[in-house]
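Hi,

Here is the structure I promised to pass on.

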Amino acid sequence: MANRLRLSDLAEQAGVSTATVSRVLNGKAEVAEDTRQAVLRALDLLGYERPEKLKERSGGLIGLIVPELTNPIFPQFVQHLSTAMLQQGYTPLLGTQFAAGSTEDSLVEAILNQGVTGLIFVSGLHADLNADTARYQALVDKGIPFVTINGRNKQISAPDFSTDDRDAITQSMRHLIGLGHERIAFTSGPLRFSPARAKYKRYLECLKEMLPGQEPITSETLFTVEGGQAAARAVLDQGATAIICTSDVMALGTIRYAIDQGLRVPEDVSVIGFDDSSVMPFLSPALTTVRQPVPAISSAAVTTLVANIKQTPNQMSSTTFKPELVVRETTAPPRH
């Protein structure tokens, strides 16, 4: 492969001179790190095999545990977390739960047997307020560094990096009230999960603060399309003109149910999702949703974990990240 490598192609792809490409390929020290990385990325993108001396050695394995991959927000986290790990010189080892398959505990056991240096849990049992936290204390006792994402639990001694769920609801409520809605519903998966609980509590607070006298309209189902359909049925029967869903997947089920009932979105009912997974802008109508700052969360989580693995000073601890309401086509003023 090396004898077919064209310096001019690499230089054009990386946006540098052929002389710079030559210095990188020959391992010369007088090249800025970001320039060196640009040339290495060009090698990868153009399908050239890296010279042996330029192949990065992994600092070790990091276990990445997610609950599922059917919800598009989780592959999005996997992508950004894996990229951040590779940039830090670590190799991700993915473990995924299935409804009738592996449990989080069995995944952790299997991954630990592979000699991982640390673990990242995304929306796992740490977020379940009814779950026993002893499993995480066991990791602490064994000296295994780990961090959690989306589900801070005060009983777990580990940094957590989460979207600000309260702010997500505040933005959603202000948007819908600004459009003129008063009968605003809140639908969610099980409220035993701390992110859902935080959103629910903030919804009730917003009603008292922004729409005093309005009764809550809520439905607790599952974080699935079918759950969204069931929730929509329940809240539309109570006269809701707008529905806040705690996941994009639930929002899709809500829209499907509304259309099946002959309702138009957003003319007859407005819908807001949560996550802003990558396909949401391409729906028709495109979904108004709250965007999780996945890249920022992923970068902070990996940086902190690697610092803990290396036992180097790190100022980052548990942090919440501000979400962004992305207004598209599924919200509009109510039809009177």
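This is a predicted model: local features need pLDDT of at least 70, side-chain atom pairs count only at pLDDT 80 or more; totals for chains, interfaces and linings use all residues.

Let's start with helix 4, residues 73–87. Its 15 residues span 21 Å from first C-alpha to last, close to the 21 Å expected at 1.5 Å a residue. Which of its residues are buried? They are I73, F74, Q76, F77, V78, L81, S82, A84 and M85. Those buried residues pack against strand 1 (61–66), strand 2 (91–96), strand 3 (118–122), strand 4 (146–149), strand 9 (270–275) and helix 11 (294–310). After the helix comes G89, with a positive phi near 90 degrees.

Next, helix 2 (residues 18–25) and helix 3 (residues 33–45). Their axes are 10 Å apart and the packing angle is about 90 degrees, so the two helices are roughly perpendicular. On the helix 2 side, T20, V21, V24 and L25 make the contact, meeting T35, R36, V39 and L43 of helix 3. By type, that contact has 5 nonpolar residues, 2 polar and 1 charged.

Last, helix 9 (residues 225–236) and helix 10 (residues 248–260). Here the axes come within 6 Å and cross at roughly 55 degrees, which means the pair is oblique. The crossing is right-handed. Helix 9 contributes V225, G227, G228, Q229, A231, A232, R233 and L236, while helix 10 brings V249, M250, G253, T254, R256 and Y257. This contact divides into 7 nonpolar, 5 polar and 2 charged residues.

Cheers

Terms used:
Residues are numbered from 1 along each chain as its sequence is written. Side-chain values use heavy atoms; hydrogens and water are left out. Axes are lines fitted to C-alpha atoms, for helices over the stretch in contact, and angles run from 0 to 180 degrees between N-to-C directions. Helices (H or I, at least four residues) and strands (E, at least two) are DSSP runs, numbered from the N terminus. Angles under 35 degrees count as roughly parallel, over 145 as roughly antiparallel, 65 to 115 as roughly perpendicular and the rest as oblique. Contact means heavy atoms within 4.5 Å. Ala, Val, Leu, Ile, Met, Phe, Trp, Tyr, Cys and Pro count as nonpolar, Asp, Glu, Lys and Arg as charged, and the others, Gly among them, as polar. The expected span of a helix is 1.5 Å times one less than its number of residues. Buried means under 20% relative accessible area, exposed over 50%, partly exposed in between (1.4 Å probe, protein chains only). A crossing is left-handed if the near helix is turned anticlockwise from the far one by less than a right angle, and right-handed if clockwise.
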